[in-house]
Amino acid sequence: MTALFEARELGFAYRGRPDALADVSFTLETGENLGIVGESGAGKSTLLRLMLGLTRPSSGTLLTDGSAFDSRSRSALRAHRRFAQAVFQDPYSSLDPRQSVERIIAEPLRSLGIERARAAVHQRVSAALESVGLPADAAGRYPHEFSGGQRQRIAIARAIVPNPRLLLADEPVSALDVSTRVRIIELLAELGSGESPLTVVVVSHDLGVVAALCQRMLVLENGRVVEQGRTDAVLSAPQHPYTRRLLASVPRLPA
Ligand SMILES: Nc1ncnc2c1ncn2[C@@H]1O[C@H](COP(=O)(O)OP(=O)(O)OP(=O)(O)O)[C@@H](O)[C@H]1O
């Protein structure tokens, strides 16, 4: 079976800096959510930017559905935006405060040329709102009228409205309070188990988020993959000293 997404020996360096990523390889199968973990500066966000096509790898290859993806080609980039959408950490800065929720969510439909007819756009926005658990009348309101968790739902609705195959989420819950976090993680898990399953890739420094959401995980240390595999296997029997240190640094309540 062709993998949904594959990274082969990816490398990347910011100008004048040592490698931010080196020899990164992994495969994503449809419906198998992947968690990317590692300490600050390990290269998690850089890897996500490469996966989104926002940054071009210095070496290596990205494959979507078995075909090499060349982010120098405008048409390939456009097709890639339909394939992979993103949600970022801060639901306050990621939504334009001057635009209604309807306009915000409709943006990918218009910019990717998927749908322009008003009634059809409205219908897809309503369906996306329903999928993320917001009422249809949210469409006419503005971001400042919503809580942090609701704003993150709006950002998720905008990401799923073009029916992407991959949803890349960079620390999607770290700006939210604890109870809201749980509900957003549940929402992301539901999206990944629907009729047309969306595969979710989550970057998180929180191993709890990865354990709750991801069947597989990948551990980055200084831009290199030091361990990857099934989440339950990695968390219950970490093979690499760095993964053991990461696990040991998770705060626990006293027994
Ligand atoms: N725009 C940039 N210019 C130069 N170096 C950068 C830039 N962005 C990131 N880096 C460097 O690349 C490396 C990887 O950074 P990256 O942001 O991908 O790590 P991260 O694992 O996402 O960290 P965090 O958890 O703190 O967000 C770090 O050494 C960082 O300092």
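The protein chain comprises nine helices and ten strands, as seen in a model that is predicted. The C-alpha atoms fill a box of roughly 55 × 50 × 40 Å along the principal axes. A compact globule of 255 residues would have a radius of gyration near 18 Å, and because the protein chain has 18 Å, its value agrees with that expectation. Buried residues make up 41% of the 255 residues, and, of the contacts with a separation of 6 or more, 65% are accounted for by residues 24 or more positions apart.

Six of the strands form an open sheet with mixed pairing, in the order S6-S7-S8-S3-S9-S10. The edges of this sheet are S6 and strand S10 (224-230), each of which pairs on one side only, and the twist from one strand to the next averages 15°. Strands of a sheet pair through backbone hydrogen bonds, in either a parallel or an antiparallel sense. Within the present sheet, strand S3 (residues 34-37) and strand S8 (residues 199-203) are paired in the parallel sense over three bridges, with isoleucine 36 standing opposite valine 203 in S8. Helix H9 (residues 241-248) lies across S3, strand S9 (216-221) and S10, and runs at about 105° to S9.

Helix H3 (residues 101-111) contributes the buried residues Val101, Ile104, Ile105, Ala106, Pro108 and Leu109. An α-helix has 3.6 residues a turn, so residues three or four places apart point the same way. The buried residues of H3 pack against strand S6 (84-87), which is an edge strand of the sheet, and also against helix H4 (118-131) and helix H5 (148-160). Following H3 is glycine 113, for which phi is positive, near 65°.

Conventions: Residues are numbered from 1 along each chain as its sequence is written. This is a predicted model: local features need pLDDT of at least 70, side-chain atom pairs count only at pLDDT 80 or more; totals for chains, interfaces and linings use all residues. A residue is buried if 20 or more other C-beta atoms lie within 10 Å of its own, exposed if 12 or fewer, and partly exposed in between; C-beta atoms are placed from the backbone. Helices (H or I, at least four residues) and strands (E, at least two) are DSSP runs, numbered from the N terminus. Two residues are in contact if their C-beta atoms, placed from the backbone, lie within 7 Å. Two strands pair if DSSP finds at least two bridges between them. Axes are lines fitted to C-alpha atoms, for helices over the stretch in contact, and angles run from 0 to 180 degrees between N-to-C directions. The radius of gyration is taken over C-alpha atoms; the globule rule is 2.2 Å times the number of residues to the power 0.38.
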